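Thanks for making time this morning.

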Amino acid sequence: MTSDLFAGLEPKQSAQENMAKGAILLRGQAVARADDLLAAIGKVSAASPFRNMVTPGGHVMSVAMTNCGQAGWVTDRSGYRYDGIDPQTGQLLPEMPESLLTVATEAATKAGYPDFRPDACLINRYEPGARLSLHQDRNERDMANPIVSVSLGLPATFQFGGLKRNDPVKKYALLHGDVAVWGGPSRLCYHGVMMLKDGEHPVVGRMRLNLTFRGAL
DNA sequence: TAGTAACC
DNA sequence: TGAG
């Protein structure tokens, strides 16, 4: 038997080694609610616009981001952190829309994390050419909370590695409506998104949107 | 190294 | 040419 990590989705590469447990990909889980999610993203980004933040190293990220919830992930020259205020607007972050909260908690429950109550949602917008290099989500207070990631729009290739940066990485297609959840032993696994290929999605257009739910506080 | 580039 |  192979690992049930991301059960239901074959790795794009042929290797079939087991990976850390605690992660699953729920293919198409959010397709039926895509319209609601997109409308909610529109409201959030009207209040807190997408922007390309700067890393501590001084590089402008190719992925444009915004946040909703009690706290949002931000980066600038001084480092990574969670903040309840949008540094660009100076305003409190928009509340997390009910439709987003619901999709996150339902997916978490299916994945075996029934108590997950996210207080932060990072919204990533990938245009063709955008990418996110391999990293860990490690700025959250309580690592008992999983990460829930919802994909909308153009397909992307997701890289999922291990707890060490040099651990081998497997690749998975993330399609419109897919929800990936990782936690427990896989909570701190390195992951990233390969450069988005050009294309046109019938509902979302020429972009990929990703919602990442976290328990940050 | 939440980045990029060079080089095999 | 593209993946690594």
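This is a predicted model: local features need pLDDT of at least 70, side-chain atom pairs count only at pLDDT 80 or more; totals for chains, interfaces and linings use all residues.

Residues are numbered from 1 along each chain as its sequence is written, chains are lettered from A and ligands numbered from 1 in the order in which they are written, and side-chain values use heavy atoms, with hydrogens and water left out.

The largest pocket is lined by 34 residues, and those that lie nearest its centre are Met 61, Trp 73, Leu 132, Ser 133 and His 135. Strands here are DSSP runs of E with at least two residues, and helices are runs of H or I with at least four; those giving two or more residues to this lining are S4 (79–83), S5 (120–126), S6 (132–135), S11 (191–193) and S12 (208–214).

Turning to the sheets, where two strands pair if DSSP finds at least two bridges between them, six strands form an open, antiparallel sheet in the order S1-S10-S7-S12-S5-S2. Strands S1 (23–26) and S2 (64–69) stand at its edges with a single partner each, so one side of each is left without a neighbour in the sheet. Within it, S7 (residues 147–153) pairs with S12 over six bridges, and Leu 152 has Leu 209 of S12 as its bridge partner.

Helix H1 (residues 34–47) packs on this sheet, touching S2, S5, S7 and S12, where contact means heavy atoms within 4.5 Å. The direction of H1 makes about 100° with that of S7, with axes fitted to C-alpha atoms, for helices over the stretch in contact, and angles running from 0 to 180 degrees between N-to-C directions. Helix H2 (residues 98–110) lies across S1, S2, S5, S7, S10 (179–182) and S12, at about 70° to S12.

The other sheet to show you is also open, with four strands in the order S6-S11-S8-S9 and antiparallel pairing. Its edge strands, S6 and S9 (170–174), each pair on one side only. Strand S8 (residues 156–160) and S9 are joined by five bridges, and Phe 158 has Tyr 172 in S9 as its bridge partner.

Notes
On a 1 Å grid over the protein atoms alone, a cavity is a set of points where a 1.4 Å probe fits but cannot get out, and a pocket is an open set with protein on both sides within 12 Å along at least five of seven lines; lining residues have an atom within 4 Å of a point.
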